[in-house]
Structures are given as structure tokens and as C-alpha cells.
Amino acid sequence: MSVESKQIEFGRFRQDMLERDADGHLIGRDPRDLTAEQLIAAGAEPAILKAVRAKCLDCCCEQPTEVRKCTAVDCALWPYRLGRNPFNRRELTEEQRVALSDRMKKFREEARTVPQPPEGPAPSKISTPSLETARRAPIRIGGRP
Ligand code: SF4
């Protein structure tokens with residue numbers, strides 16, 4: 001699925017991931033306040049290594065060879081950019097590999113039972129505060145709001 005079609009498909013659910021703060025500024029919600037179904041419906045990847053891989057592909061214009069060649073060794077994601085955890089070198093037996101794969105498939109199938117999008121046309125764009133409004137916004141340092 002192309003990046004654009006993903007945006008269209010998940011766009012209707014993305015508003016669940018945003019909220020307005022006390023000053024009316026659009027901010028991201030705390031993902032811990034969302035259900036797994038809401039997160040998946042909005043396109044979030046439940047498997048952390050797949051999420052890292054997706055971010056690295058996004059960073060490299062969807063070019064796997066460029067992710068492989070990435071020289072940004074200071075990037076926190078660099079060790080994980082190939083979708084594997086190099087700190088986990090546990091060797092699995094074929095039986096363990098199949099069992100793990102089945103468990104992950106089952107988890108994904110359950111998680112993909114998502115709610116239907118709201119009725120009506122899909123929003124073409126989520127409104128964002130103007131630059132002037134953003135400039136006047138108070139700056140928060142650290143901690144959750
Ligand atoms: S590891 Fe490289 S490809 Fe991945 S996000 Fe960092 S800079 Fe981008």
C-alpha cells in the first residue's frame with residue numbers, strides 16, 4: 001500500500017489520536033489513553049521492530065537499500081533499522097519459530113478487528129493552529145500535561 005493510500009485509509013481514524021489543549025492548540029493524545037483497536041485503525045504498528053523499520057523506510061523514501069546503507073550511527077533507531085533486535089540473538093527451534101509466528105498472527109488478527117469509520121465524508125485535512133497562534137502558545141518543559 002502506498003504512503004498516500006495509507007494516509008487516505010487511516011485518515012478518518014487519525015483524529016482519534018489528536019486533541020486540543022486548554023488553549024485550543026492541536027496536540028497528540030497520550031497513546032496510553034487509546035485502545036489497541038483505535039491505534040491500529042489509525043495505522044499504528046503494534047510490533048515495535050516493524051514500527052522502527054517503517055520509520056526507517058519513511059526516512060529513506062521507502063528505499064530498503066538506503067536503510068541498509070544508513071550511516072547515521074548516532075540515530076537511536078540505527079541498530080534496529082533492519083527490523084531485527086541485534087541484542088536478542090536467541091536461536092529458536094523450528095517449532096518455537098512456528099509457535100511464535102502463530103501467536104503473532106493471532107494477535108494481529110484480533111487487533112485488526114477495528115471499529116467502522118464515522119459516517120460522512122472523510123476529512124481532507126485536520127485543521128492546525130495558525131503560525132501566530134502557535135508562537136503565542138506557552139512552552140511546556142518535560143512531563144506529561
Ligand atoms: S537509523 Fe537511519 S534510516 Fe533509520 S531513522 Fe535513523 S537515520 Fe533514518
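Predicted model: local features only at pLDDT ≥ 70, side-chain atom pairs only at ≥ 80, totals over all residues.
Which residues of helix 3 are buried?

1. **The buried side of helix 3.** The buried residues in helix 3 are Val52, Arg53 and Cys56. They lie on the same side of helix 3, because the arc they cover around the axis is only 100 degrees. As a general rule, an α-helix has 3.6 residues a turn, so residues three or four places apart point the same way. What do the buried residues of helix 3 pack against? Their partner is helix 4, residues 64-69.

2. **The other face.** Turn the view to the face of helix 3 that points away from its buried side, and you will find Lys50 and Asp58, which are exposed.

3. **The length of helix 3.** Helix 3 runs over residues 48-59, twelve residues in all. At 1.5 Å a residue it should span 16 Å, and this agrees with its end C-alpha atoms, which are 16 Å apart. Helix 3 is followed by Cys61, a residue with a positive phi, near 50 degrees.

4. **A stop at Pro46.** Pro46 sits in the loop that lies between helix 2 (36-41) and helix 3. Is Pro46 buried or partly exposed? It is partly exposed, because 14 other C-beta atoms lie within 10 Å, whereas 20 or more would be needed for a buried residue. Apart from neighbours within four places in sequence, Pro46 is in contact with Ala36, Ile40 and Ala111. Pro46 and Ala36 are ten residues apart in sequence, and their C-alpha atoms are 8.1 Å apart in space.

5. **The chain as a whole.** Stepping back, you can count six helices and two strands, arranged along the sequence as α-β-β-α-α-α-α-α. Among contacts between residues at least 6 apart in sequence, 59% join residues at least 24 apart.

Note on methods: Residues numbered from 1 in each chain as written. Helix = DSSP H or I, 4+ residues; strand = E, 2+ residues; numbered from the N terminus. Expected span 1.5 Å × (residues − 1). Buried ≥ 20, exposed ≤ 12 C-beta atoms within 10 Å, placed from the backbone. Arc of directions from axis to C-beta. Contact = placed C-beta atoms within 7 Å.
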